[in-house]
Amino acid sequence: MIKVFSNEDDVANEIAKEMQWHIQNDENPVFCLASGSTPKKSYKKFSEQMEHEQTRIKRLKVVSLDEWVGIDRTSEGSCYQMLYQDLFSLIPLDDEQIEFFDGTATDLEKECRKIDNFILSNSITFSLMGVGMNGHIGLNEPGSAVLGHSSVVDLSKNTKEVAQKYFLRPTVLEKGITIGLNQVIRSKRVVVAVTGERKADIVRKVFSNSEHRLPAQELLGHDHIDFFLDKAAAQYLDATHM
Ligand SMILES: O=C1O[C@H](COP(=O)(O)O)[C@@H](O)[C@H](O)[C@H]1O
């Protein structure tokens, strides 16, 4: 289902509320969280609400969605570092509560199995996804298979270009490491957040019946998956989409 909110702040409020609900109600909360620009405000609001949930937050586990291959987690622009700055540093999380891809590992297949095994033994209860400018989810690029496991992927030209905004200086990116679309879909609850005018065109494509299936389109039609859009991102949609 699509929910359209007036603005980015309202989207963030709703997401923060959902995250809080899962912390309070999931027996073993396991979150899979996108990094990037879109969820920043949601994490800020969530962390503010967590000031009074110190005990419950200790039960939270966070699993990696994706990472750039070859980029160290301490580097500005790595998915880990973005999440660290936007969330992990704002709530009392221990290192043991976070299971993340190491994009600099020499054995990347082993990294994939590490995250797959974690997801097998700790079902994801809440996933927050963003959508790439080309419709990617995590780093599952257009044209990739709907996998039930993590994999190392070739980044598209668009992703490599758009991702430069995360880095302080021009950075060579060729590959990514990501969980599979089916691992996202199997989460108990998934919210896909898309905000801003710059995403309006990809939102239109995702909700049109194009013959080329985009990764974000694989998340459509599942009862437990909602798309949260602001008006700017939803501007090309009409009542038939709601
Ligand atoms: O490359 C990525 O892009 C998407 C969207 O990023 P945003 O900065 O436009 O919010 C992100 O959700 C994904 O995790 C990341 O790998």
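Biologist: What should I know about the numbering and the model before we start?

Modeller: Residues are numbered from 1 along each chain as its sequence is written, and side-chain values use heavy atoms, with hydrogens and water left out. This is a predicted model, in which local features need pLDDT of at least 70 and side-chain atom pairs count only at pLDDT 80 or more, while totals for chains, interfaces and linings use all residues.

Biologist: OK, helix α5 then: how many residues does it have, and how far does it reach?

Modeller: Helix α5 covers residues 108-121, which is 14 residues, and reaches 20 Å from its first C-alpha to its last, close to the 20 Å expected at 1.5 Å a residue. The expected span is 1.5 Å times one less than the number of residues, and helices (H or I, at least four residues) and strands (E, at least two) are DSSP runs numbered from the N terminus.

Biologist: Which residues of α5 are buried?

Modeller: The buried ones are L108, E111, C112, I115, D116, F118 and I119, where buried means under 20% relative accessible area, exposed over 50%, and partly exposed in between (1.4 Å probe, protein chains only). Seen down the axis of α5, these buried residues fall within an arc of 160°, so they line one face of the helix; the arc is that of the directions from the helix axis to the C-beta atoms. On the other side of α5, K110, L120 and S121 are exposed.

Biologist: And what do the buried residues of α5 pack against?

Modeller: They pack against the strands β2 (30-33), β3 (61-63), β5 (98-99), β7 (151-154) and β8 (175-178), and against α7 (181-185), with contact meaning heavy atoms within 4.5 Å.

Biologist: What happens at the start of α5?

Modeller: There, a side-chain oxygen of D107 reaches to within 3.3 Å of the backbone nitrogen of E109.

Biologist: Switching to charges, how many salt bridges does the structure hold?

Modeller: It holds 19 salt bridges, each being a side-chain nitrogen of Lys or Arg within 4 Å of a carboxyl oxygen of Asp or Glu. D116 and R113 are three residues apart, about one turn of the helix.

Biologist: Which parts of the chain does the D154 and K175 pair link?

Modeller: The side chains of D154 and K175 meet in a salt bridge at 2.6 Å, N to O. This pair links distant parts of the chain, with D154 in strand β7 and K175 in strand β8, 21 residues apart. D154 counts as exposed at 55% relative accessibility, and K175 as partly exposed at 36%.

Biologist: Last topic, the ligand: how many residues surround it, and which are the closest?

Modeller: The ligand is surrounded by 17 residues, of which the closest are T38, D66, K165, Y166 and K199; a residue is near a molecule if one of its heavy atoms lies within 4 Å of it.

Conventions. A polar contact is a pair of N or O atoms within 3.5 Å; within protein, one must be able to donate a hydrogen and the other to accept it, and residues adjacent in sequence count only if both atoms are side-chain atoms.
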